[in-house]
Amino acid sequence: MKKSRKNKMTLLISIFFFLPLLLRLSTAAPPGPRGYLLNCGASQLAPKVTVGSLQYITDEGFISVGNITKLPDPHLVPILSTLRYFPDKSARKYCYMIPVLKGGKYMVRTTYYYGGYDGGKTPPVFDQIIEGTKWSVVNTTDDYASGLSSFYEIVVVAMGKMMSVCLARNHHTDPSSSPFISALELEYLDDSVYNTTDFKNHALSLVARSSFGPEADVIGFPDDVFNRQWHPFLDEHPVVTSHVNITPSTFWNLPPTKVFYNGMTTSRGKSLKFNWPPFPLPEAYYYISLYFQDNRSPSFYSWRVFSVVINGKTFFSNLNVSANGVSVYSARWPLSGQTLLELIPADNMPVGPVISAGEILQVFRLTGRTLTRDVMAMEDLARSLNYPPHDWSGDPCLPKDHFWTGVTCSDGKLARVTTLNLTNFGLSGTLPPSINNLTALSHLWLGNNKLSGTIPDIGSLKELRTLHLENNQFEGIIPQSLEKLPHIHEVFLQNNNNLKSKALEALQKLGIHIEL
């Protein structure tokens, strides 16, 4: 998977900028949550803040780890004035768990402003993870040096009823610093938006979303009903103002009317050439959507024809652009390095080409997921333990270098939990019956803890080879199903509270190593 490029905010941090809608009102809205605006690091004493007409809530309840702090700069907008940071170096990841609609399409935006919260001068570099897939590297160094915050955005479909958004250390993370986050936002998107993407296997990471004209501010909510942020892009080409309002519902991806207020153009007979986005891209496939409108008042002559060429390859030939507007897109277009757009006019056109807005999102493959039954069993186990490891949230197995502590998993698109080793973790609590659903488990080691209650049935663990539950507080009958496990060769149950079973006698006769 290619690294996705971060997107830079173009406003000073002390100036208000538009941010996503918490619950977008719609008569066609599906039941359940529409989205969330989380002000990371906000305390319970001030759980809500308002930015414009939007209300952000504290991230308490969506994450159980990390420390919170408030930055001393009084000029920061509220959601940049607090943050949550994660100093625990033993944890493999730090995850938010957000309720979502299973199968729903969501835009996820993460915002970062360092503010020297740890006394340092340079922001830490770290990874962010979405639904078990490493999404991008968070590097806000350049933005912070310019007095700016940074944001990242991705479009992904929820595979379950909870969506995990995680941060994790990488080899670039300075040991003296910690990953942090200022805001986390989820917005439910209509099915029609970016609907040509195979979201079962892919996600879309934002590269650029621009309005081509002199608009000074970012266009967001309420102009964009999903509060996508359209940043102004302008070079030396002239700008024209539209004389006609268009209806966004007639366009792919429902762009806001405001992006058609202005357009970038050139003179008659000339091609409109510009580099957009203005930075090189990694070699990958990209979702590209471009929006056009003839700016003149509607008449028999208010149309223009031109071809769209990207890096010398025809994107769309002889596009007819009228005052009603038109959009063209490609769901998978190869790009690498600098991107040159050319709008080449047809012969004898009385006016030059024009463009109103555009979006580029990188298409990247999801790395897979853990079998749902295993995820549910591990989450049930986490709830049954008192103070489980701090990274026991999100996907237990993915990304594969960010397994839960004590967990080992199989490779492949559908990962399975194969080993659970929490020996000497000082855990208390019980073993839930759902442990029997971890049918790929070969080693279960929970010795030297303070676990209590009965040992549940484990008859479905046909791959189990070793079982270590010694030095705990288990009691009652050892499940008879233990003797029916075909690969078991080692069972340690000593130093518990009067465990009894005829199953052990049968296992001893088979030569199984048993300690009781």
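1. Ring pairs join Tyr85, Tyr112, Tyr113, Tyr114, Tyr117, Phe126, Tyr144, Tyr152 and Phe180 into a cluster, where rings of Phe, Tyr and Trp (its six-membered ring) count as a pair if their centres lie within 6.5 Å, with planes under 30 degrees apart called stacked, over 60 edge-to-face and the rest tilted.

2. The model is a predicted one, in which local features need pLDDT of at least 70 and side-chain atom pairs count only at pLDDT 80 or more, while totals for chains, interfaces and linings use all residues. Residues are numbered from 1 along each chain as its sequence is written, and side-chain values use heavy atoms, with hydrogens and water left out.

3. The search of the whole structure finds 25 aromatic pairs. Among them, Tyr36 and Phe62 are edge-to-face, at 5.4 Å centre to centre and 65° between the planes. Tyr36 belongs to strand β2 (residues 35-39) and Phe62 to the loop between β4 (54-58) and β5 (67-70), so this pair ties together parts 26 residues apart in sequence; strands are DSSP runs of E, at least two residues long, numbered from the N terminus. Both Tyr36 and Phe62 are buried, meaning under 20% relative accessible area with a 1.4 Å probe, protein chains only.

4. Phe212 and Trp276 have ring centres 5.4 Å apart and planes at 75°, so they too are edge-to-face. This pair links distant parts of the chain, with Phe212 in strand β15 (residues 202-212) and Trp276 in the loop between β19 (272-275) and β20 (281-292), 64 residues apart. Phe212 and Trp276 are both buried.

5. The charged end of Lys313 sits over the ring of Trp333, 4.9 Å from its centre, where the term requires NZ of Lys or CZ of Arg within 6 Å of the ring centre and within 35 degrees of the ring normal.

Conventions
Helix = DSSP H or I, 4+ residues; strand = E, 2+ residues; numbered from the N terminus. Buried < 20%, exposed > 50% of the residue type's maximum accessible area, 1.4 Å probe, protein only.
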